[in-house]
Amino acid sequence: MTDSSPHPDSPHPDVASAASAPGITYASSGVDTAAGDRAVELMKEAVAATHGPEVIGGIGAFAGLVDVSALKAYERPLLASSTDGVGTKIAIARAMDVHDTIGRDLVGMVVDDIVVVGASPLAMTDYIACGKVVPERIADIVRGIAEGCQDAGCALVGGETAEHPGLMGPEDYDVAGAAVGAVEADALLGPERVRHGDVVIGMESSGLHANGYSLVRAVLASQDLRLDQHIDDFGRTLGQEVLEPTRIYAADVLALLDGRRTSGAVHALSHVTGGGLAANLARVIPAGLAARVDRSTWQPSPVFSRIARWGQVPQLDLEGTVNMGVGMIALVDAEGADAALSLLEQRGLPSRVIGEIVAEDSLPEPGAPLEQVTVGAKGVEGGAVMLAGQHPGWQ
């Protein structure tokens with residue numbers, strides 16, 4: 001009788017079968033490390049262009065290193081930090097298959113939150129999560145981040161690309177970033193410096209920037225509008241208009257703070273992002289004071305009125321969502337306002353006086369439907385912002 005049981009030294013039939021079957025690899029599970037390496041090679045030059053002599057080491061290290069010996073000259077250096085993303089504007093980039101501008105949006109959202117306290121940006125890192133690494137696409141995203149960092153005078157010292165198959169679709173991705181900067185303690189800007197009689201200067205935005213795209217996309221979908229459709233008001237396609245990258249204000253603001261005639265004149269800054277102008281400006285108004293802002297002093301670019309008209313979006317709702325044509329605000333000593341406006345004009349940044357700082361108890365009771373007072377915002381307890389009047393030509 002033949003013994004059919006396996007020999008003690010022979011592999012079990014199930015083990016032998018498993019050994020001969022194709023195994024599951026990292027690549028077959030959906031992660032392509034070779035594609036990740038290729039993406040790094042494609043982005044290296046752009047990233048290196050942001051590095052000055054203060055950056056130690058290169059791409060591939062576990063941590064980015066920045067020589068901060070310059071901080072020894074500070075009497076009391078304060079470290080400023082910020083982190084953010086770009087929201088659903090990514091859906092527009094994906095639909096257009098244009099990915100080299102979204103990185104500039106990321107830099108604008110992150111770095112310009114640092115400069116509002118008067119800090120000079122030192123270094124930034126990025127994080128990209130995607131369903132599938134397409135090296136050229138990842139390199140385009142990072143190239144945009146690097147270009148934005150160059151504009152802001154900030155080194156891009158590190159990043160991470162994570163492939164998440166099964167969690168995200170092959171075309172899906174999201175980006176986030178973080179940055180740090182430094183400011184001398186006695187140069188820190190904020191509500192405590194704001195005074196009665198200060199002038200409110202509004203710096204022009206490049207368009208929608210990177211906030212409110214859930215509303216924007218809903219409006220476009222309601223009208224069945226195509227991104228490749230030419231819009232006469234824009235002088236280009238709808239997609240080109242809504243993908244216009246965020247204006248990066250860092251270099252202009254730092255020039256304003258360092259200018260011989262404007263140094264000390266700037267008391268506070270507000271980056272107009274999610275929540276709109278009033279809510280963000282209220283964050284830097286001290287208790288007892290108010291910013292009275294006159295809409296008639298500026299005309300938002302056509303994209304804002306178009307969104308309002310296409311979606312029948314109430315103006316106050318739109319104003320609480322997007323920047324309405326003003327992306328950065330400076331509260332400036334009245335005597336220094338002309339010099340500040342002149343400097344910004346020389347730098348090619350259209351700016352204008354849009355209001356003034358008054359006593360909060362001097363504000364009139366809101367009367368007209370569009371007169372709105374915002375008190376405190378995003379957890380900040382402070383003064384008020386009153387929006388009044390109407391934009392020229394607004395329909």
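Q: What share of the residues in the protein chain is buried?
A: Of the 395 residues in the protein chain, 47% are buried. Keep in mind that this is a predicted model.

Q: And how many helices and strands are there in the protein chain?
A: The chain has 12 helices and 15 strands. Its C-alpha atoms fill a box of roughly 110 × 55 × 35 Å along the principal axes.

Q: What about contacts between residues at least 6 apart in sequence, how many of them join residues at least 24 apart?
A: That would be 83% of those contacts.

Q: How do strand 4 and strand 5 run, parallel or antiparallel?
A: They run parallel, with 8 bridges joining strand 4 (residues 120-130) to strand 5. Met124 sits opposite Leu156 of strand 5.

Q: Which residues touch the most other members of the largest nonpolar core?
A: Met124 again, along with Met203 and Trp310, in a core of 81 residues. Helix 4 gives the most to this core, with 8 residues. There's also a second, separate core of 23 residues, and Ala291, Val293, Trp298 and Ile354 are among its members.

Q: Switching topic: what does UniProt list for residues 196-362?
A: The UniProt entry, which is unreviewed, lists that stretch as "domain: PurM-like C-terminal". Over residues 196-362 the model is 33% helix and 23% strand, and the end C-alpha atoms of that stretch are 11 Å apart.

Q: Now the open sheet of 7 strands, what's the order there?
A: That one goes 10-12-7-13-11-15-14, with mixed pairing. Strand 10 (266-271) and strand 14 (372-377) are at the edges; each has a single partner strand, so one side of each is left without a neighbour in the sheet. From one strand to the next the twist averages 25 degrees.

Q: And which helices pack on it?
A: Helix 8 (residues 250-258) packs on the sheet, touching strand 7 (199-204), strand 10 and strand 12 (326-332), and its direction makes about 170 degrees with that of strand 10. Helix 12 (residues 337-346) packs on the sheet too, in contact with strand 7, strand 12 and strand 13 (351-359). The direction of helix 12 makes about 5 degrees with that of strand 7.

Q: How many residues of strand 7 are buried?
A: Strand 7 is mostly covered, with 5 of its 6 residues buried. Strand 7 pairs antiparallel with strand 12 over 6 bridges, and Ile201 has Ala330 as its bridge partner there. Strand 7 also pairs antiparallel with strand 13, over 5 bridges, where Val200 stands opposite Gly355.

Q: In what sense do strand 11 and strand 15 pair?
A: Parallel: 5 bridges link strand 11 (residues 289-294) and strand 15 (residues 380-388). Ala291 has Val385 of strand 15 as its bridge partner.

Q: Back to helix 8. Is Asp252 buried or exposed?
A: Asp252, which is found in helix 8, counts as buried because its relative accessible area is 11%, and the cut-off is under 20%.

Q: What does the side chain of Asp252 make a polar contact with?
A: The side chain of Arg347, at 2.7 Å. Leaving out residues up to four places away in sequence, Asp252 touches Leu344, Arg347 and Leu349.

Q: Last one: where does Ile307 lie, and what does Ile307 touch?
A: Ile307 lies in helix 10 (residues 302-311) and is buried, with a relative accessible area of 2%. Not counting residues up to four places away in sequence, Ile307 touches Val216, Val219, Leu220, Val313 and Leu318. Ile307 and Thr321 are 14 residues apart in sequence, and C-alpha to C-alpha they are 12 Å apart in space.

Key
Residues are numbered from 1 along each chain as its sequence is written. This is a predicted model: local features need pLDDT of at least 70, side-chain atom pairs count only at pLDDT 80 or more; totals for chains, interfaces and linings use all residues. Side-chain values use heavy atoms; hydrogens and water are left out. Two strands pair if DSSP finds at least two bridges between them. Helices (H or I, at least four residues) and strands (E, at least two) are DSSP runs, numbered from the N terminus. UniProt positions are given in the numbering used here, feature names are shortened, and annotations may be inferred rather than shown by experiment. Axes are lines fitted to C-alpha atoms, for helices over the stretch in contact, and angles run from 0 to 180 degrees between N-to-C directions. Contact means heavy atoms within 4.5 Å. Buried means under 20% relative accessible area, exposed over 50%, partly exposed in between (1.4 Å probe, protein chains only). A polar contact is a pair of N or O atoms within 3.5 Å; within protein, one must be able to donate a hydrogen and the other to accept it, and residues adjacent in sequence count only if both atoms are side-chain atoms. A nonpolar core is a set of buried Ala, Val, Leu, Ile, Met, Phe, Trp, Tyr and Cys residues joined through side-chain atoms within 4.5 Å.
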